[in-house]
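Subject: Handover of a structure and findings

Dear colleague,

Please find below the sequence and structure that I am handing over to you. My findings follow directly after them.

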Amino acid sequence: MFATTPLRVVAVSAGLSQPSSTRLLADRLATATRERLTAEQDRAGRDVEVRVIELRDLAVDIANHLVSGFPSAGLREAIDAVTEADGLIAVTPVFTASYSGLFKSFFDLIDHTALTGKPVVIAATGGTARHSLVLEHALRPLFAYLRAVTVPTSVYAASEDWGSSGDEYTEGLPSRIRRAGGELASAVLGRTASGASRALGLDDGEDAVVPFEQQLADLRLD
């Protein structure tokens, strides 16, 4: 059964403009992850499904859900896609040195145990490289609270990063995207090797939470 179940990767983009550099970064991370998963799954014959969720299209539904407690059908479907994915890519523009309000509002709607153990790549876009620490100071703590497992490589794309191949001291954006996608693919394969994990229920005690050290050990990195 599990051998024929597609691997599902969901990318959440909180970009507001169209076209959006945030969406572009989400697409490239999703492509890198799919390429690695497809290469690793050739012999297993397991398909890879990738979906990108644009939060700008759900902004009104998110606001209504926050005040009413009732999600629209489209928002409910997006939340289910995120919580049921084998791997997650989360990308936000930087607003006031943090993630955007739209990004935070969406993840506020997800139960705090629904992402337990789920591999996640965190990424952000901004006008200047000075905001790159938003990944470590804001996004990584957010997903730690949600009990997800963020892969070691996070990706920040400033305006000057697009089209840059890096230099002898730093990796360019394409290299960082490939590395993050590879880490997510490895984490997804490690997590689903014996079947998809389930979210913790109310009857699962604290002992049911996988220790962080074990989560790191399960990441089969290059």
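I begin with Thr22, which touches Ser13, Ala14, Gly15, Val91, Thr92, Pro93 and Thr125, leaving aside residues up to four places away in sequence; contact here means heavy atoms within 4.5 Å. Thr22 lies in helix 1 (residues 21–41). Helices (H or I, at least four residues) and strands (E, at least two) are DSSP runs, numbered from the N terminus. With a relative accessibility of 2%, Thr22 counts as buried; buried means under 20% relative accessible area, exposed over 50%, and partly exposed in between (1.4 Å probe, protein chains only).

Please note that this is a predicted model, in which local features need pLDDT of at least 70 and side-chain atom pairs count only at pLDDT 80 or more, while totals for chains, interfaces and linings use all residues. Residues are numbered from 1 along each chain as its sequence is written, and side-chain values use heavy atoms, with hydrogens and water left out.

The chain as a whole

The chain contains seven helices and seven strands, in the order β-α-β-α-α-β-β-α-β-α-β-β-α-α along the sequence. Of its 222 residues, 46% count as buried. Among contacts in the chain with a separation of 6 or more, 81% are between residues 24 or more positions apart.

Helix 4 and helix 5

Helix 4 (residues 101–108) and helix 5 (residues 134–145) pack at an angle of about 5 degrees, and their axes are 12 Å apart. Axes are lines fitted to C-alpha atoms, for helices over the stretch in contact, and angles run from 0 to 180 degrees between N-to-C directions. The two helices, helix 4 and helix 5, are therefore roughly parallel to each other (angles under 35 degrees count as roughly parallel, over 145 as roughly antiparallel, 65 to 115 as roughly perpendicular and the rest as oblique). At their contact, Phe103, Lys104 and Phe107 of helix 4 meet Leu139, Leu142 and Phe143 of helix 5.

The aromatic rings

A pair of aromatic rings is described by the distance of the centres and the angle of the planes. Rings of Phe, Tyr and Trp (its six-membered ring) pair if their centres lie within 6.5 Å; planes under 30 degrees apart count as stacked, over 60 as edge-to-face and the rest as tilted. By this rule there are five aromatic pairs. The rings of Phe103 and Phe107 have centres 4.9 Å apart and planes at 50 degrees, so this pair is tilted. Both residues, Phe103 and Phe107, lie in helix 4, four residues apart, about one turn of the helix. Phe103 is buried, with a relative accessible area of 0%. For Phe103 and Phe143, the ring centres are 6.4 Å apart and the planes are at 70 degrees, so this pair is edge-to-face. Phe103 lies in helix 4 and Phe143 in helix 5, so the pair ties together parts that are 40 residues apart in sequence. Ring pairs link Tyr99, Phe103, Phe106, Phe107 and Phe143 into a cluster.

The nonpolar core

A nonpolar core is a set of buried Ala, Val, Leu, Ile, Met, Phe, Trp, Tyr and Cys residues joined through side-chain atoms within 4.5 Å. The largest such core has 38 residues, of which Val82, Leu88, Phe103, Phe106, Phe107, Leu115 and Phe143 touch the most other members. Helix 5 gives the largest share of this core, six residues.

Yours sincerely
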